Amino acid sequence: MSKRPNILLITSDQQHYRTLGCQNPELKTPALDQLAQQGTLFSRAYCPNPTCTPTRASIITGQYPSQHGAWTLGTKLNENSRTIGQYFTEAGYRTALVGKAHFQPLRANEEYASLESYPIMQDLEYWRQFHGPFYGFEQVELARNHGDESHVGQHYAIWMEESGCMNWRDYFRPPTGTNTEQTFTWLIPERFHYNAWIAEKTNQLLEGYAKKGESFLLWSSFFDPHPPYLAPEPWDRMYDPSALTVPRLTSREHEKNPPHFGMTQDPKADWTGYRESGFALHGMHHHHAEQEELKKQIAVYYGMVSLLDKYIGLILQKLQQLGLAQDTMLIFTTDHGHFFGQHGLLHKGPFHYEDMIRIPFIARFPGRVTQGRVSAALVSLVDLAPTFLRAAGLPVPRTMTGVDQLPAWCSDTQVRDHVLVENHHDPTSVHLRTYVDERYKLTVYYRKAYGELFDLQADPDELNNRWDDPQSAGLKSDLLLKLAHAEMGREPMWMPRIAHA
């Protein structure tokens, strides 16, 4: 390589791991399929937490949510946290983040400020002047809304106006917007969709870096296919709902599961005990959609994935046209998974099925990462930061608890023998942790006697919870010990021992 490697991270939001065309023939993702052919597709990649803020903070810190402090939605990553943005900037890289950050909450108070909150989020004059630094990234282009959500603003709203869409409020819900009637079809013209904005800004940055011969760390952070299920024409009708496979609840499958699983299927369930913080919790409610409605939702979700793929393709084309592809490590992934009927569940919540915690993950690094390979090596998003640093020849801080995955990305080496997934919504009522190894998955709940134990090899659909199975008592004991060892093994040791006393 003629210079230090570039790093390009492209992420979607809340994308099920089986929504790549190369894995699922029911949908089309030609750009991502080609990327997988040019690199390695990892079939056992996981998030460290199945919600946005905790995992996104883990991506840039190389720490688990319980370590970096942004432990759930509605919290923030401390602005003093050391991130890959800072490390790469200090090393002379150009650094940028385009799209969704979500390191901070939608609401702020006197003690905890947030640039991603009301009212500053929608103060366009502020955002005309502010482009960073933000969590170590020297340049940012930010937005916060999914689809037509009301919290639209920041750089995306400015770009819409600069692109000629002066009536952009017509496409978004109140109080910022005026439209309240959109279902499945997002009335916004595709040229003003945030995918177009992210691709355009990303490609402008790439052009600038290429012109000056600068090394870069660039994160292109897309918002789809996170609900609401909305896509502009013609993507809203790209897929025929009647032709799609609709996941279903298996009869009696929640009988052996913790109580909140079965409660999701009971419209009269009382969730009061799960809301001790006073805030609503993702997934802790009745999950139900009529089959015809669910088919339409899946069809639009797939349309959102295909639309996303189109604009990722434009970034990949630009990278190639500028002659940057050969010197760029490129990762595509998402922040966490999604339910669209699996196990009778919708969207997300504290249900650590593979659908929720497993993620699509592709690595491409010409001359380093094997082309056209599918790897079952265990990967976690907490590993991205240390791996990026190693790839760039930079030291990995001892505060990072992710691991360097370069050996697994560049050969058949298995770096990890397990992954850990946290989920901490409320102090005690929704606090769980999952240990996954090559074959088994164990989930424990804080101060609860119930739990989950699945054999992913014999029971890949996770229908038989063996937590209370007498014949699995020895296995459960072994896995609990492995979980304890894993927890002890990820303690951050920021300073080496240098003296006897």
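The legends below describe close-up views of a predicted model.

**View 1. An open sheet of four strands.**
The strands follow the order β14-β15-β16-β17, and their pairing is antiparallel. β14 (418–424) and β17 (451–455) stand at the edges with a single partner strand each, so one side of each has no neighbour in the sheet. From one strand to the next, the twist averages 10 degrees. In general, the strands of a sheet pair through backbone hydrogen bonds, in either a parallel or an antiparallel way.

**View 2. The pairing of β16 with β17.**
Strand β16 covers residues 440–445 and pairs with β17 in the antiparallel sense over five bridges. Leu-442 has Leu-453 of β17 as its bridge partner.

**View 3. Helix α13 across the sheet.**
Helix α13 is made of residues 473–489. This helix lies across β14, β15 (431–437), β16 and β17, and runs at about 75 degrees to β16.

Glu-422 and Arg-490 form a salt bridge in which the closest N and O atoms are 2.8 Å apart. Glu-422 belongs to strand β14 and Arg-490 to the segment after α13, so the pair ties together parts that are 68 residues apart in sequence. Are these two residues, Glu-422 and Arg-490, buried or exposed? Both are buried.

**View 4. A salt bridge between Asp-383 and Arg-416.**
In this salt bridge the closest N and O atoms are 2.8 Å apart. Asp-383 sits in the loop between β13 (373–380) and α11 (384–391), while Arg-416 sits in the loop between α12 (406–410) and β14. The two residues are 33 residues apart, and the pair links distant parts of the chain. Both Asp-383 and Arg-416 are buried.

**View 5. A salt bridge between Arg-144 and Glu-116.**
The closest N and O atoms of this salt bridge are 3.5 Å apart. Arg-144 is found in the loop between β4 (139–143) and α6 (154–162), and Glu-116 in the loop between β3 (94–100) and α5 (124–129). The pair links distant parts of the chain, 28 residues apart. Arg-144 and Glu-116 are buried.

**View 6. A network of salt bridges.**
Salt bridges link Asp-13, Arg-56, Lys-100 and Asp-335 in a network. Arg-56 is one of the buried residues of α2. A search of the whole structure finds 28 salt bridges.

**View 7. The enclosed helix α2.**
How many of the 10 residues of helix α2 (residues 52–61) are buried? The count is 10 of the 10, so the helix is largely enclosed by the rest of the structure. The buried residues include Cys-52, Pro-54, Ala-57, Ile-59 and Ile-60. The partners against which the buried residues of α2 pack are β1 (6–12), α3 (65–68), α4 (84–90), β3, β6 (216–221) and α11. Gly-62 follows α2 and has a positive phi, near 70 degrees.

Met-495 is placed in the segment after α13. With a relative accessible area of 40%, Met-495 is partly exposed.

Conventions:
Residues numbered from 1 in each chain as written. Predicted model: local features only at pLDDT ≥ 70, side-chain atom pairs only at ≥ 80, totals over all residues. Heavy atoms only, no water. Pairing = 2+ DSSP bridges. Axes fitted to C-alpha atoms, helices over the stretch in contact; angles between N-to-C directions. Contact = heavy atoms within 4.5 Å. Salt bridge = Lys/Arg side-chain N within 4 Å of Asp/Glu carboxyl O. Buried < 20%, exposed > 50% of the residue type's maximum accessible area, 1.4 Å probe, protein only.
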